[in-house]
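Let's work through some exercises on charged side chains and how they pair up. Have the structure open and try each task before you read its solution.

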Amino acid sequence: MNVDRVISHFSLIHRCVKMKVLFCIFVVSGCVATNSLSIDGLTNLFIRAGKNKLNQSDWGTIHDLAEILYLPQDNFVNEETRVAGRSNLFCVLCRSVFSAFIDLVNADVKDEDLVDSIVLICNSLSIVSPNVCHGVVLLNVPILSYIIRNTPEAEASTFCSVFFQTAIETENCRYNDERFDWEVELPPRGEISKISYDSRKPLTVAIITDAHIDPLYEENGVADCSEPTCCRKGQTSRNHKYSYNPDRDEYIILRSLNFDNGEPNIDVGVAKTLREVRNVTRKSERLAPPAGYWGDYRNCDSPLWAYDDLVDRIHSSHKDIDIIYYMGDTIDHHVWETTYELIDEVNQYLVNKLRKTFGDVPVIATIGNHESQPTNQFAPERITQEKLNTTWLYESLARKWGVYLTEEAKATLRRQGDFSMVLRPGLRVISLNTNIAYKNNWWVVFDPLDAKTHLDWLVNELYKAEKAGEKVHILTHIPPGVHDLVNPWTREYNRIVNRFQQTIAAEFNGHTHTDEFKIFYSIEDKDIPIAVSWGGGSASAYTKNNVNYKIVVLDPNNYNPISISNYVYNLTEANLTPNRRPHWFKLYDFKNTYGVKDLSPNSLNELVYSMVTDKKYLLDIYSAFYSKLSDARWPYCSNDCKIANICRIVVTVLFDRKKCEELTKLFYSTK
């Protein structure tokens, strides 16, 4: 068994950022004190847990499940392809949890009673702080109960299959929901108009993304805390209740899931084995180093002064900035204690700093999944109820970004979180709200067709641009093809890019915090590359990345990128001298570093094939630059890690991994 492959990217409570906390808390909320637990048995006992009717034996089994499912935040592996074992285990438990939750809601159990029961269980485990337990549950239960009460089609299997969706389709975590079988209608191809441009001067664009500003960041604070995100004032050191060794523990944990006549069962007796080996090998814990001044490689967001320094650095070093693209995620990862007021203040701070520094330079933004309240939740337009709707966010951002937008753009931003506008003669920018198709957005299960309405709108805007002879830049927060977006969205977006490849000049995105790009291929001929999407990296070190921004130079004749440079600083070095500004340097100029003649899809495709055949040293460089030369990450990237980076480049439709498989074979078959 390849142990490295079975380390799942799903952590239980201790690493439950981006809404995984809620499931993880509820998943250990009730069981029987027998070794083998079926889905039906789990479901019935989760119902008892929701009614706060647990006995002493149940409590013992709760702690057994916590032992089995525990994965510490410092061993969290953020890799899309690490999917074996635990994904099926979590899916089995998830379906039991949601089946129970649906029954409890339909039985008219009040939200406050559900919250109290779940929080009680969470607090008893003492894995995360009571603040996390209460905050996450309180924020999310009302949304889930509303969806269940108003969506008869919302089944447990759909919630879990979407929520635990991975880069590779799994056999035991699928849903059968016809509402997800949708397609966009594409207009027939027509003649593309030609227009003249007012300027022949190349345009320079600064790309900033994922600021994740924490206004409560504490220099020299606790960086290894008892909560999913650290380095914030008032936090305490982590309670090392469990020890964890991936080579040992994962093999034992995978034995807990068994099948009896095709029906899954969980053997909680495995917990006893885990306790025994963990107690024998438990080591004394050393006090972790405190948080750095300029940020931290661990699970920490950015201090205000680090964001300010990045903006000031761009302004002082690049005098020719014509446009700024901001790719979203301004808010921190402390998802259990976000508030409308804090979100509003931080969003205002970000735009005020840009406005004050760059004056009239247009800033065109897209919305990140962390901007909403609660985090990741983007309701359809028709949801207007207080604390359920997302209109408050769209209207707030329209006011903040309004100085840069046309009236038409502000109107669509207020309504749906997307906008489209002509930025320069012949250049249209489309800011597409991809968060509505995010797998951690509960509202995806409420109305899968809401994602379609946004893509229908995109098609209309692209068709309008095509008829006007405009070139288009598409800005999205979440990149195409990743496991964070539901499968039909990635498939249909790929069709749209294929249809409008003559009109789309460039695509930019954020979200992953890593430095990467993606290649789209022709639907008719998979060997023909047709478009490229460029990741922006991150203005935050979260997690294990160096901070960066990018400078893109555009060809004035077609607005295609002709030069992309990445600027970074080493966080370890910066934190050694907190009283001195970080030493920024150019990490690369893409064309010169990789030796490509241009940034076209053909050149990028040739580069990728070279990386796995005759110029594998370029893959070494790409993998090092992936984390922007992070001391905490790139030295540990194995060959499997490197080929996973390659696969992310060529997968733009979720689960379609044929190109990935081809490149993998080439990599391992060539010397």
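**Exercise 1.** Find how many salt bridges a search of the whole structure gives.

*Solution.* Start with the rule: a salt bridge is a side-chain nitrogen of Lys or Arg within 4 Å of a carboxyl oxygen of Asp or Glu. With this rule, the search finds 34 salt bridges. Keep in mind that this is a predicted model, where local features need pLDDT of at least 70, side-chain atom pairs count only at pLDDT 80 or more, and totals for chains, interfaces and linings use all residues. Residues are numbered from 1 along each chain as its sequence is written, and side-chain values use heavy atoms, leaving out hydrogens and water.

**Exercise 2.** Work out whether Lys201 is buried, exposed or partly exposed, and do likewise for its salt-bridge partner.

*Solution.* Step one: Lys201 pairs with Asp322, at 3.8 Å from N to O. Step two: recall the cut-offs, with buried under 20% relative accessible area, exposed over 50% and partly exposed in between (1.4 Å probe, protein chains only). Step three: Lys201 has 47% relative accessibility, so Lys201 is partly exposed. Asp322 has 16%, so Asp322 is buried.

**Exercise 3.** Locate the partners in the salt bridge of Glu466 and Arg499, and classify each one.

*Solution.* First, the distance from N to O is 2.8 Å. Next, Glu466 sits in helix H16 and Arg499 in helix H17 (residues 487–499), 33 residues apart; helices are DSSP runs (H or I, at least four residues), numbered from the N terminus. Finally, Glu466 is buried at 4%, and Arg499 is buried at 5%.

Methods. Helices (H or I, at least four residues) and strands (E, at least two) are DSSP runs, numbered from the N terminus.
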